[in-house]
Amino acid sequence: MMNMLDVQDVVKCFGTTIALDHTSFSLHNNDFLVLAGPSNSGKTTLFRLLSGLERPDSGAILLNGVNIGEREGGARKVALVSHKYGVAYKLSVYDNIAQSLRFRRQSKKMVDQQVQSALEILELQHLQKMHMRQLSGGEIQRVMIAKAMVRDADLYLFDEPLAQLDPHTHHRAQQAIQMVHRLKGAISIYATQHPTSALTIATRLALIHQGRIQQIGAPEEVLRRPANLFVAEYLHQPRFNQVPASVHATDTGYLIQADGFSFILPPAWQAPLAQLANQAGVILGIRPNTILSTWTPSLLDASGYIHIPTQITHIDHLMGKWTMQLRVGQQTNLVAELKDIYHPSLQAGTHIEIGLHPDDICLFHPTTRTLLLPPSG
Ligand SMILES: Nc1ncnc2c1ncn2[C@@H]1O[C@H](COP(=O)(O)OP(=O)(O)OP(=O)(O)O)[C@@H](O)[C@H]1O
């Protein structure tokens, strides 16, 4: 059966706090949405609404056509994995996982088979008789994933499931989540403040801020074309470079002039650039990993790259990745992330030339801070 989640213009307030502010999005079949956003942005509120623990003030949530919250049992098809809710501390690990199956009056043997299989996949067999109270944070997270795994849900919600796990446990728990998603073939949503590590699993990526979905799309698209500077700043590590530039109409297109470099945009940019107030300029957004070093031979030949002379002001090396602070023009600082480019002469003070492709540069409106795009996108 085709799964479909449709969140339609949902509003949820707590007193004067607007926790969700006209939120709409839809997901299909095998979508794995990573929902990223800072603390208090509305992630948990959305999950509580999706699992029927709260009702929206207005708007609707449809899961396979059934309005969650309005119809009795509508939310039973939703499995919520959270260390904040649903941990039965008085019960054993085994009973926590078996709880929802017993509720369904399955035979003891069938319950046992499913619980044992989940215990095995999450490497929890040795802990099955323990009480939840006796477990570490990471073990509790894994039990909650196992608990979701035995459910037969149409929607799986993982609320910050890997917070505070050590790297090894984090990796194992993430694999378990991926496995639940693949086995069930259902829609999953994974809410987190730290989206980077989850992006390998994501088919969709959304950014939520102040109760509003800022952008939702394919992860690569959201990373490459952030809808606004909040999204860009939140997602990019190291820092998303922001460089003010002026815009001048010329015979061949638009000359974008920044401190230390310039380039021409084709006439197709007329419409988005017309939104700018006279002489307001734009903000250029440059992702650190789109900056290339021009001693890469293929780049020297490639056409269309802007070559920019720079001076290294600081350099850091971590596991094959070089993070460089570069001085461009009179007073512009860029952060560049370069891979596998070891060269003994690379140190603070060295002059290097970098290459930047105009297609990799995003333009943002200086006051609304939203992305400007030519009509073809
Ligand atoms: N039951 C409640 N009563 C009052 N205010 C609430 C309630 N639940 C949430 N809020 C408020 O709604 C806003 C959104 O909170 P929410 O818990 O959804 O954020 P979050 O993105 O999950 O944050 P975190 O990442 O820290 O868990 C916050 O301002 C919060 O204080």
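Predicted model: local features only at pLDDT ≥ 70, side-chain atom pairs only at ≥ 80, totals over all residues.
Local features here need pLDDT of at least 70, side-chain atom pairs count only at pLDDT 80 or more, and totals for chains, interfaces and linings use all residues. Residues are numbered from 1 along each chain as its sequence is written.

Stop 1: Select residues 43-50. This is α1. Helices (H or I, at least four residues) and strands (E, at least two) are DSSP runs, numbered from the N terminus. Seven of the eight residues in α1 are buried. A buried residue has 20 or more other C-beta atoms within 10 Å of its own, with C-beta atoms placed from the backbone. Among the buried ones are F47, R48 and L49. Now pick G52, which follows α1 and has a positive phi, near 80 degrees.

**Stop 2: β11 and its partners.** Select residues 241-249, strand β11. Two strands pair if DSSP finds at least two bridges between them. β11 runs antiparallel to β14 (residues 282-286), joined by five bridges. Find V243: L284 in β14 stands opposite. β11 also pairs with β12 in the antiparallel sense, over five bridges. Here A245 stands opposite A258. Four residues lie between β11 and β12 in their hairpin, where G253 has a positive phi near 155 degrees.

**Stop 3: on to β13.** Select β12 (residues 254-258) with β13; they pair antiparallel over five bridges. A258 has F261 as its bridge partner in β13. Two residues separate the strands of this hairpin, and G260 in the turn has a positive phi of about 95 degrees.

**Stop 4: two faces.** Show the side chains of residues 261-265, strand β13. Which of them are buried? F261, F263 and L265 are, and they point to one face.

Definitions and conventions: Buried ≥ 20, exposed ≤ 12 C-beta atoms within 10 Å, placed from the backbone.
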